[in-house]
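Biologist: I am new to this structure and would like to learn how to read it. Could we go through some features together?

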Amino acid sequence: MELTQCFTLLPHPSGGGRVLPNSGSFEAGTIVTLAAIAAQDYRFVSWNGSISGSQTPISIRITHNVEVVANFDKPRYNFSTYATPGGSGTVSPPGGTFPAG
């Protein structure tokens, strides 16, 4: 009897990116290399579940059923504006923190 183990990969949030390969069944002991690929305007942050860390690609030896979550987020950037010389006018918007894209 040949034993196989399954793994499931979940990108979080959905639409934030994808993971290759996205799922599968493998013989116990197989080493699988996972790669997190961020969607436009997102970045890969970390792995959760059966593996942890922020390295991509990352390899995992399949020894039991595995569930892995790839976490993505949208970076936010600070934006500052000013008028020079001071008091000579205003700028709109005055600045703030905005999501990428």
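Predicted model: local features only at pLDDT ≥ 70, side-chain atom pairs only at ≥ 80, totals over all residues.

Biologist: What is the phi of D41?

Modeller: The general idea comes first: most residues other than glycine have a negative phi, and most peptide bonds are trans. D41 is not a glycine, yet its phi is positive, about 75°. Because its relative accessible area is 31%, D41 is partly exposed.

Biologist: You mentioned peptide bonds. Which peptide bond is cis, with omega near 0°?

Modeller: That is the bond from T56 to P57, and P57 belongs to the loop between β5 and β6. The bond from L20 to P21 is also cis, with omega near -15°. You will find P21 in the loop between β2 and β3 (23-27).

Biologist: Now the strands. In what order do three strands form an open sheet?

Modeller: In general, strands of a sheet pair through backbone hydrogen bonds, either parallel or antiparallel. Here the order is β2-β4-β6, and the pairing is antiparallel. β2 (17-20) and β6 are the edge strands, each pairing on one side only. From one strand to the next, the twist averages 25°.

Biologist: How many bridges join β4 to β6?

Modeller: Four bridges join these antiparallel strands, β4 and β6.

Biologist: Which residues have the most contacts inside the largest nonpolar core?

Modeller: That core has 14 residues, and L34, W47, I51, I60 and A70 are those with the most contacts inside it. Two or more residues come from each of β4 (31-38), β5 (43-49), β6 (58-61) and β7 (66-73). β7 gives the largest share of this core, four residues.

Biologist: How many aromatic pairs does the structure hold?

Modeller: A pair of aromatic rings is described by the distance of the centres and the angle of the planes. The structure holds two such pairs. In one of them, the rings of F44 and W47 have centres 5.0 Å apart and planes at 55°, so this pair is tilted. Both F44 and W47 are buried.

Biologist: And what kind of aromatic pair do F44 and F72 form?

Modeller: F44 and F72 form an edge-to-face pair, with 5.8 Å centre to centre and 70° between the planes. This pair links distant parts of the chain, since F44 is in strand β5 and F72 is in strand β7, 28 residues apart.

Biologist: Why does F72 count as buried?

Modeller: Buried means under 20% relative accessible area. F72 has 5% relative accessibility, so it counts as buried. F44 is at 16%, and therefore F44 counts as buried as well.

Biologist: Let us finish with V45: which residues does V45 touch?

Modeller: V45 lies in strand β5. Leaving out residues up to four places away in sequence, V45 touches S54, N71, F72 and D73. Take D73: V45 and D73 are 28 residues apart in sequence, while their C-alpha atoms are 6.8 Å apart in space. V45 counts as partly exposed because its relative accessibility is 36%.

Note on methods: Residues numbered from 1 in each chain as written. Heavy atoms only, no water. Core = buried A, V, L, I, M, F, W, Y, C linked by side-chain atoms within 4.5 Å. Buried < 20%, exposed > 50% of the residue type's maximum accessible area, 1.4 Å probe, protein only. Contact = heavy atoms within 4.5 Å. Pairing = 2+ DSSP bridges. Axes fitted to C-alpha atoms, helices over the stretch in contact; angles between N-to-C directions. Phe/Tyr/Trp six-rings, centres within 6.5 Å; stacked < 30°, edge-to-face > 60°.
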